[in-house]
Amino acid sequence: MVFPLPTLAEPQHFSLAERVLFAALAVASVALFWRRFGPILRNILRSKQDADFHLFPAGKRIRDFAGEVLLQGKVIRQRPLAGFAHALVFWAFCAFALVSLNHCAALYGLGFLNPAGAVGRFYFYFAAVFALGCAVGIAGLFIRRFFVRPKWLGEELSWESGLIALLIFVLMASYLGAFFVPAASPAARILWWTHAITLLAFLPVIPQTKHLHLIFSPFTVFLSRGSFSRIPPLVGDEDFGLVAGRDLTRIVSLQAYSCVECGRCTEHCPANNTGKLLNPKEIVLGLRGYLNELGPASEVPLLGKHIAQQAAFQCTTCGACEFQCPVGIEHVPIIVGLRRGAVNTGAWDDEHGAKLFLALERGSNALGLGAAERDKFIEKNALPIFDGTQEYCLWLGCMGSHDPRGREIVLALVRVMHYLGTSFGVLRKERCTGDAVRRLGNDLLFQQLAEANLEALAQNKVTKMLSICPHCVRTIQEDWKEYGAPPAIEHHSEFLARHLAQLPRGGNQEQIVFHDPCYLGRYRGVYDEPRAVASRAGLLVEAPRHRERSFCCGAGGGLAFLGEEQGERVSHARAAELAATGAETVAAACPFCNSMFRDALAARGEGAPQLLDIAQLAARGLPEQGN
Amino acid sequence: MKIIVAIKQVPERDAPVRIDPAGTWIEESSLQFALNESDAYALEEALQLKEKHGGEVAVVSAGPERVGSTIREALAKGADRAVHILCDDLHSRDALGVARLLAAAIKPEQPDLVLSGLQSEDLGLGQTGVIVAELLGLPHATLILNVEKTETGVKVKRELEEGWFQSVELPLPAALSIQSGGNKLRYATLMGIKRAKTKEVRILTAAELGADSAPVVRMERIALPTKQKSTQMLDGSPKEAAAALLEKLKFEARVL
Ligand code: SF4
Ligand code: SF4
C-alpha cells in the first residue's frame, strides 16, 4: 500500500439479483421523477418565446454564472453563515457527480475510478473533504431551519426540507463510512446499498419540492434578461403585458419554477415590511400555482385567485427582491408585466392612478400643474434656454420644474455649475419622462411621452444631459431606448463627484447619513459618487441598510402618485432608520426620496435631522455671490 | 340606445398661447392639442349609458386633419365609430356655422341622444350644443352632471348656482350638454388604441354636407389678457386687518 490512509470500500462482486434489483429501482426512480418533472418542463417549453431575448453577448452571462452559481457569491454575500453552509452542500454535489456515477457503474463492473489507484484515491479523498463539509453544512442548515427558524422561512415547518436534509446527510455519511470498513465486509455492502437507495430516493423528491432549483437555477441565472429590472418590449397587436397564462414567457415560467422559497425577497421588500399585502415570493409562487393548475395557454387572468391585483400595485419597483434573489428571479419585470396587463386592458380601476394618467394625457407633467408654472420658474431664476451651444441640457423633470424642494435642488446644482463655469441650458418645454406611468404599466401613455420627448431633444440637438432625478435618468437612458436613441445622460451625483476637486471644501464635523435611492444604487450601480460628495461636506455615517441593501423611500413605481398606503408608510419606516443613526443631516440624491422624507421627518417632530440633497451639500461651501 | 357625442379638439390646457400675425387667431403650429374637457365628460356619460343599456356610441368632430388624433382617442376610450367633418377653417366659423355642420352630420343618424360638452376650452362660447339641438328640433337641457334612463326618456341632474341642483325629465330623442365633473373619466389604454384601428371613421366635408354658410359673427381681434398685479397693504391691528381682508375677499375679489 502506497498510503497508510484508509481506502474507500467498494463491494467486490455484485450478484445478478442485485444488479436486476438496482436496475428496477433506478427505472422506478427515473419514472417517478419524470412523472412530476415532465409536465413542469412542458409548461416552460410551451410558454411564449421571449421576443427580446439575446444570448449574446454572453460575457455577462458567463460572469454571473461563475459568480452566482459556481462561486455562490450572492448566496454567501447576502446571508454569510447560511450561505456558506449552502455553498458547502453545492460544491459537494458538484464533486460528487463523478463519485455517484462511479458508484452506480461499479455495480455492473464498469467503475472508472479505482479506489486503490492513484487517480481514484486522490479523487475519493477530494470528494471526502467536500462530503465532510457538506455533512456539516447540511446539519447546520437543518438546525437553522428547524430550531433557529428565521421568520422569512415561513411559519410552517417544511417536512420536505427535513427529508431532503436527511437524505443528503445519509448520502454523505454512507460515503464517508465506507472509508472505515474493509471492502469485503458485509458492512461495505450495506453502506453501498444505503448510498445507492438514498441516491435513487433523492431523484423523485427533487421535482416535488423547491429542490427543483437544483436543476433550474443554473439555467435561470444564465438565461436572465440581461440587465437589472429590464422591462421587455411588447410585441405585436395582441401583447398587452401579462394578462393571462398565454402571455407568460419561457423566462417567466422558468423563473416561477426556480424559486427556492428562501424568502430573501420578502425579507427586504419595503411593502411587505410595512404591512402591505404584497409579498414578492408569493407573486412568484402564485405564478407557479397558476401554471400548475391552468398551464401556459390559459385565458384565465393572472390577477385573481393566484395573485391579487392589489398586491401588484403596492410594489415600489425598488428592486430589492430582484437584487437579493439567489436564483436569479427577476421580480420587477414580472410585477410591471402584471400591471401592464391590468392597465393596458383597462382592468385597473384606481382613482389616483386614473388621475395621474389623465393629467399626462392632457398635460405635460405628472403633478398635473400648468407648464406656465415651469416657465415662470425658469424666467425668475434666469435659467438659460438650451440652444445647442451649451455643453449640457439640464433636464428639470416634473419635480425639478414644479416641486418646491425639487426646485431648490435644481438651483443648488445651477449654482455649482455656474461656479465651475460649465455651460448648460434647459428645454423650453419638457414632458414627463413617463417613469411613473411606465412602471404602473401604461404603455400607451409611456410611448407618447417618450416619443414626444425624444423628438424635442433631437430637434434641439441635445447630446449630453444632466438630471437631479434618478428616475428621469433611468427612464431616459434605458426605457426610452424602445422608441429611439436617447442622448447620454448622467445623474448630478456623478457630475458633482467628477468635479469635486474644483469645489471648495465645505466640510465640518457634522454627521451625514446618505440614503441610497433605489434608482441610483441598485438600478444604476452608483454608490460611491454621492458618498464622495457627502463626505466632503461632513462625516459620513451609514444606516444599517445601505448601498445594495438600501431600503426604499416608498415613492417609486408610481406609488408617489397613488393614494394613502395600507399599513405603515414606507417613508416613515425608512426615516426612522435614518434618524436612528444619530446623524444631524440626511443626505438624499433624488427629489422623490426628498419629498417622501420631508413629510416623514416632519412627522417625527422636534430633533429630527435636517434633509438636504447632495447638490445642496455641494453648494454649501460656495462663496455667497456664486451665481 | 344610439348616442352621438359631439367633440372638439382644443389646444392643450397648459399650451403656451401666442397670437398669430393677423391678430384674429392663435398660432397653432407649436401647439399640442387634446380633447376638450367637458366633451370628455360627455363621452364618458355616453359610454356609461351604453354599458348599462346597450346600443352604440358614435362621435362626431369638425376640424382639420389633426383632429384625427382626438377622434382616435375617443374611439380608444370606447366609442364605436366616428364621423370627421374635415374643414381647415373651423375658427373662422361662428357657433351657428359649426352647429350647422354638426347637425347636418348628425341628422341622418337619427340618434336617441345627442351629447356635447358644455363649452369649449378655447372659445368658451357654450352655444354650439344648444344650437345643434335647435337645428335638429330636439328638446334639450344644459349644465348636466348626470343622465339616467327612465321608461319614457331620460332624467337629468342639472347643476345650478350656489350648490343647487335641478332634476328634469325629457323624452327621447333629446340633446344634452354635459358639465365637467359629473363622472370619473376613464384613461385611454393600449388595448383601446389597438382596437380603435379597426373602427370606422367616416370623413365628410362641409360641401358634402351642404352646410356651408357665411358667418354671421366674425372674429375681429383677439388679445392675451393683460396681467395686472395690485398689492394692497392693510393697516391696523391684526384683528382690523383680518376684518378688512375678509371684506375685500367677499366683495372685491368675490372668492368667498
Ligand atoms: S420591487 Fe421592492 S417593493 Fe416591489 S416587490 Fe420587490 S422588494 Fe417589494
Ligand atoms: S423569489 Fe428568489 S428570493 Fe424570493 S423566495 Fe424565491 S428564490 Fe428566494
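E3(A) and strand E4 (residues 488–491) of chain A run parallel to each other, paired over four bridges; strands here are DSSP runs of E, at least two residues long, and helices are runs of H or I, at least four, numbered from the N terminus. Two strands count as paired if DSSP finds at least two bridges between them. Within this pair, A:Lys464 sits opposite A:Ala488 in E4(A).

This is a predicted model, where local features need pLDDT of at least 70 and side-chain atom pairs count only at pLDDT 80 or more, while totals for chains, interfaces and linings use all residues. Residues are numbered from 1 along each chain as its sequence is written, chains are lettered from A and ligands numbered from 1 in the order written, and side-chain values use heavy atoms, leaving out hydrogens and water.

Back to the sheet. Strand E1 (residues 392–395) of chain A also pairs with strand E3 (residues 464–467) of chain A, in the parallel sense over three bridges. Here A:Cys393 stands opposite A:Met465 in E3(A), and A:Leu394 faces A:Leu466 in E3(A). Put together, four strands of chain A make an open, parallel sheet in the order E2-E1-E3-E4. Strand E2 (424–425) and E4 of chain A are the edges, each with a single partner strand, so one side of each has no neighbour in the sheet.

Now for the interface, with contact meaning heavy atoms within 4.5 Å.

| Chain A with chain B | Value |
|---|---|
| Residues in contact | 29 of chain A, 22 of chain B |
| Buried area | about 2100 Å² |
| Salt bridges | seven |
| Residue pairs in polar contact | twelve (both at pLDDT 80 or more) |

Buried area is the accessible area (1.4 Å probe) that two parts lose on being put together, summed over both. Carbon and sulfur atoms give 51% of the area buried between chain A and chain B. In chain A, A:Glu361, A:Arg362 and A:Leu444 lose the most area to chain B, together 34% of what that side buries.

A salt bridge is a side-chain nitrogen of Lys or Arg within 4 Å of a carboxyl oxygen of Asp or Glu. B:Glu12 makes one with A:Arg431, the closest N and O atoms being 2.9 Å apart. A polar contact is a pair of N or O atoms within 3.5 Å; within protein, one must be able to donate a hydrogen and the other to accept it, and residues adjacent in sequence count only if both atoms are side-chain atoms.
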